[in-house]
Amino acid sequence: MLCTGLVAIEATILATAVPSIVADIGGFAQFPWLFSIYLLAQAVSVPVYAKLADTVGRKPIMLVGIGAFLVGSILAGFAWDMTSLIVFRAIQGLGAGAVLPVSITITGDIYTVRERARVQGYIASVWAASSVIGPSLGGLFAEFLSWRWIFFVNIPLSLIAAWMLIRNYHETVERKKHRIDIAGAAVLTIGLTLLILAVLEGGQAWAWTSWQSIGAFGVAALLIVAFVLIERRAAEPVLPLWVFSRRLIVTTSLISLGVGAVLIGLTSYVPTFLEVSAGATPIISGLAVAALTLGWPISASQSGRLYLRIGFRNTAFLGLGITVLGAAGLVAATFVPNPVTAALACFVVGLGLGLVASPTLIAAQSSVPWSERGVVTGANMFLRSMGSAVGVAIFGAVANGVIGESGLGAHSGAAIQAASAAVFIGVAIAAVATIAGAVAMPRAHVDDIEHRPAEQAAPAVTS
């Protein structure tokens, strides 16, 4: 929970201080990269860290991630211009790419399938708390101290998390010689970087039909094909191709893709919708979005009772139905903009996602032995990041198109209201489309997964 807190707070603490940062070091045109570069570095590094966690153990990779996050935070606190701050944010992102998936993998190692839903609820509560603490701390630092403390506050948090991990988590990993798939890792990282960069910046920094966009997508596609060929011959592939041949893992990863799209659609557009259309203050609009991360841990902590009784697949169905209902409520709320109704809709979406994300991830983790759990968790987390990246591009194009057709401009309340309604309809469509992943998900009860012989092959882990 402490390690997850590092990433969770960092996801929300920066946004409220952007005006102070720009006023101090300039670079208004570049500031969106503060968020894009962090997301990019985090996403592309997840598969590599996940494989290394299966190879050398969870603890050393987690400590490397915390160390990179700490170094990036210290450097960011001393940044002298926007360019240097963007570079140091990338280092933070590389650290976060290890911390988040490995912490979830460790949870899968320590707890049984029956215990894991409750524990996942605890971890989800960290995100709920951070959604309130992060913006509040960011605003306080920016107004009363300095925006640099947004990064310096990570120093004690990182040291405490590392110390607790060293002190309380012990694992015994069989030591043997490994052949690190350097070629596969390099090709995958470059290919994913270009792919996510093209998705994030398409329609923003350059047109979708520009040579930059076509070139980035084209080279990314070639590199991904080359990566598949490399992995077929690698002794220890960084992303084994068997991941894409197992129905449960593929379907749960596709569901994670949809979850990422739904999340980014709400967190990116609900605040703007409320501030422009309903006249809400930034704090009120932030609390409306926070309702989503309050509903999530409530349902996630109770999901175990459901999937123990009705199975993983049916639990995901129920969660997606609730998510669609919440998204439809948010669409209806755009006709009469009000922070309370928007918050209620976000809360319902959070309740639904808590019944989707945790059970499907637990099902995927539990279907493989210790030596494969990191890769499976990493694939799930990476697809969620990709869902967010693709969602940013699609929803941004939809919003810009609606605003452009209105002829009223981006500062018009009516135009923002119409664009928000279109985006929320897109969120509802994404939730409905995700149901396809649940339909294809195999019917697997807890007892079918929990007692696999391979599960007994895990190394000794204590806490």
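Modeller: Helices are DSSP runs of H or I with at least four residues, strands are runs of E with at least two, and both are numbered from the N terminus. Here, Leu 383 is found in helix H15, which covers residues 370-406. This is a predicted model, in which local features need pLDDT of at least 70, side-chain atom pairs count only at pLDDT 80 or more, and totals for chains, interfaces and linings use all residues. Residues are numbered from 1 along each chain as its sequence is written, and side-chain values use heavy atoms, with hydrogens and water left out.

Colleague: Which residues is Leu 383 in contact with, leaving aside its neighbours within four places in sequence?

Modeller: Contact means heavy atoms within 4.5 Å, and on that basis Leu 383 meets Ser 253, Ser 256 and Leu 257. The C-alpha atom of Leu 383 is also separated by 7.1 Å from that of Leu 254, although the two residues are 129 residues apart along the chain.

Colleague: Is Thr 334 buried or exposed?

Modeller: Buried means under 20% relative accessible area, exposed means over 50%, and partly exposed lies in between (1.4 Å probe, protein chains only). Thr 334 has a relative accessible area of 3%, so it is buried; it is found in the loop between helix H13 (312-333) and helix H14 (339-366). Not counting residues up to four places away in sequence, Thr 334 touches Phe 273, Gln 417, Ser 420, Ala 421 and Phe 424.

Colleague: How many aromatic pairs are there?

Modeller: Rings of Phe, Tyr and Trp (its six-membered ring) pair if their centres lie within 6.5 Å, and planes under 30 degrees apart count as stacked, over 60 as edge-to-face and the rest as tilted. By this rule there are five aromatic pairs. The pair of Trp 80 and Phe 88 is edge-to-face because the ring centres are 5.8 Å apart and the planes are at 75 degrees.
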